[in-house]
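Hi there,

Here's the structure I promised to pass on.

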Amino acid sequence: MKRFVVFLIFSAILLAGEVVKCIWAVDGDTIYVLRKGRRYKVRLLGVNAPELDSHKPYLKKWAREALFYTASMVMGRKVELEYDREKFDEYGRLLAYVRTEEGLLSELLIKEGLGWAYRRKDYKLRGKFIELEKLAKREKVGLFGDKIRNGGREEIKEGRYYLVKGKIK
């Protein structure tokens, strides 16, 4: 019985994520944490937020929104890092799901329309995140519902393409 209890406790520790303190939000999908006395750059698994240096003004707007959202959820707070198949990416960043008191940050960003489900690699929650993105698009949440005035034409963002209404000269 004693061995079984020890096994359960050990299993719970292994399944639980690693608790770290977030010290900085770089952008919507990247943060810095203190882990084992060292600073680590963490790339959120499963989400791709717009880039702050985008040449498209409407994406810059949503990049700032994603950054502010991420910062408000994690800055100065303890978060839990949960790893998937790969622990580091090709740039040396930790790859992790970041769990806050409110839930998985990647999931929350996608639900709020502040990022897309990451599709380039396989990860455990890929299917779920793609479904959440489809839902955000249907509900026209965040960047999926943004309408931009451009030279008298109304453009509605649809994935990587644009639906243009009006005359094109």
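Below is what turned up, starting with the core and moving on to the salt bridges.

Keep in mind that this is a predicted model. The largest nonpolar core has 42 residues, and I31, L81 and V98 are the ones with the most contacts inside it. Helix α2, residues 57-74, gives this core its largest share, with eight residues.

Now for the charged side chains. Searching the whole structure turns up 15 salt bridges. Here are a few to look for:

- R93 pairs with D89, with the closest N and O atoms 2.7 Å apart. R93 has a relative accessible area of 18%, so it counts as buried, because the cut-off is under 20%. D89 is buried too, at 11%.
- R119 and E133 form a salt bridge at 2.8 Å, N to O. This pair links distant parts of the chain: R119 is in the loop between β8 and α4, while E133 sits in helix α4, 14 residues apart. R119 is partly exposed at 38% relative accessible area, whereas E133 is buried at 2%.
- E131 and K134 make a salt bridge as well, their closest N and O atoms being 3.4 Å apart. Both lie in helix α4, three residues apart, or about one turn of the helix. E131 is partly exposed at 45%, and K134 is partly exposed at 40%.

One last thing to find: R77, E101 and E102 are linked in a network of salt bridges.

Cheers

Conventions
Residues numbered from 1 in each chain as written. Predicted model: local features only at pLDDT ≥ 70, side-chain atom pairs only at ≥ 80, totals over all residues. Heavy atoms only, no water. Core = buried A, V, L, I, M, F, W, Y, C linked by side-chain atoms within 4.5 Å. Buried < 20%, exposed > 50% of the residue type's maximum accessible area, 1.4 Å probe, protein only. Helix = DSSP H or I, 4+ residues; strand = E, 2+ residues; numbered from the N terminus. Salt bridge = Lys/Arg side-chain N within 4 Å of Asp/Glu carboxyl O.
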